[in-house]
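Me: Could you walk me through a structure? I'm new to this, so please spell out the terms.

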Amino acid sequence: MKVIWASDYQEVSKRTADYIKAQILMKPNCVLGLATGSSPIGTYQNLVSAYQNGEVDFSKVTSVNLDEYFGLDGEHDQSYRYFMNHHLFDHVNIAKENTFVPSGITEDIEQETQRYEQLIRDLGGVDLQLLGIGHNGHIGFNEPCNEFVPQTHVVDLGESTIQANARFFGSVENVPKKAITMGIGTIMSAKKIILIASGQDKKEIIHRSIYGAVTPDVPASILQLHPDVTVIAAVD
């Protein structure tokens, strides 16, 4: 595991975007695993600027997102499909048909988890997976529990996650209580992983994740066992 202590959020975002640009340059038809939330917004802004400046070409890139709220369609302004369109896809030359997010409005949620897992396998796996981290150590929507769930699955969101996301929905009551997420095994199968974090409120969980015991109580701690992980954090 390589750990880069950045000075601030802007440096986290720039360094992360540089890693992603390098991945695309090395393999123009790569599969990117993408994340949502506040942490990667700056990264996506840097990538949009790089595209506008002619530094990167997304035309052959495929993307798969980590997760989606159950019950929200892609037009809902808090869905992760909407987030990705708004922050990245609408502003670069990626083919929308090559961007994948789990369906939050499927009639058969278990079948959707299997379909998404198979999709990732059919694509040949993820070349570079971008991750944020929750205050409780969740990656994707893999919440602390008594086991590492390997494959894409349905999850009941933890109370701390619901509270953290309430600001986006106006109230706790409006936050979806379930989500579809890549499993820990799916994430760990990526060839390269970048974990990003910023803010003093993430300092404790980052240290527990990269220096503490590997335990499903801290889902991100499993990344210690991956052969190619880079942590880029500004938490002091």
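Predicted model: local features only at pLDDT ≥ 70, side-chain atom pairs only at ≥ 80, totals over all residues.

Reply: Residues are numbered from 1 along each chain as its sequence is written, and side-chain values use heavy atoms, with hydrogens and water left out.

Me: Which residues of helix H3 are buried?

Reply: In H3, which spans residues 80-87, they are Tyr80, Arg81, Phe83, Met84 and Asn85. Buried means under 20% relative accessible area, exposed over 50% and partly exposed in between, with a 1.4 Å probe and protein chains only. Helices (H or I, at least four residues) and strands (E, at least two) are DSSP runs, numbered from the N terminus.

Me: New topic: how many aromatic pairs are there?

Reply: The count is four, where rings of Phe, Tyr and Trp (its six-membered ring) pair if their centres lie within 6.5 Å, and planes under 30 degrees apart count as stacked, over 60 as edge-to-face and the rest as tilted. Tyr69 and Tyr80 are tilted because their planes are at 40 degrees, with the ring centres 4.9 Å apart.

Me: Where do Tyr69 and Tyr80 sit in the chain?

Reply: Tyr69 is in strand E4 and Tyr80 in helix H3, eleven residues apart. Tyr69 is buried at 1% relative accessible area, and Tyr80 also counts as buried, at 10%.

Me: What kind of pair do Tyr69 and Phe169 form?

Reply: Their pair is edge-to-face, with 5.4 Å from centre to centre and 85 degrees between the planes. Phe169 lies in helix H5 and Tyr69 in strand E4, so this pair ties together parts 100 residues apart in sequence.
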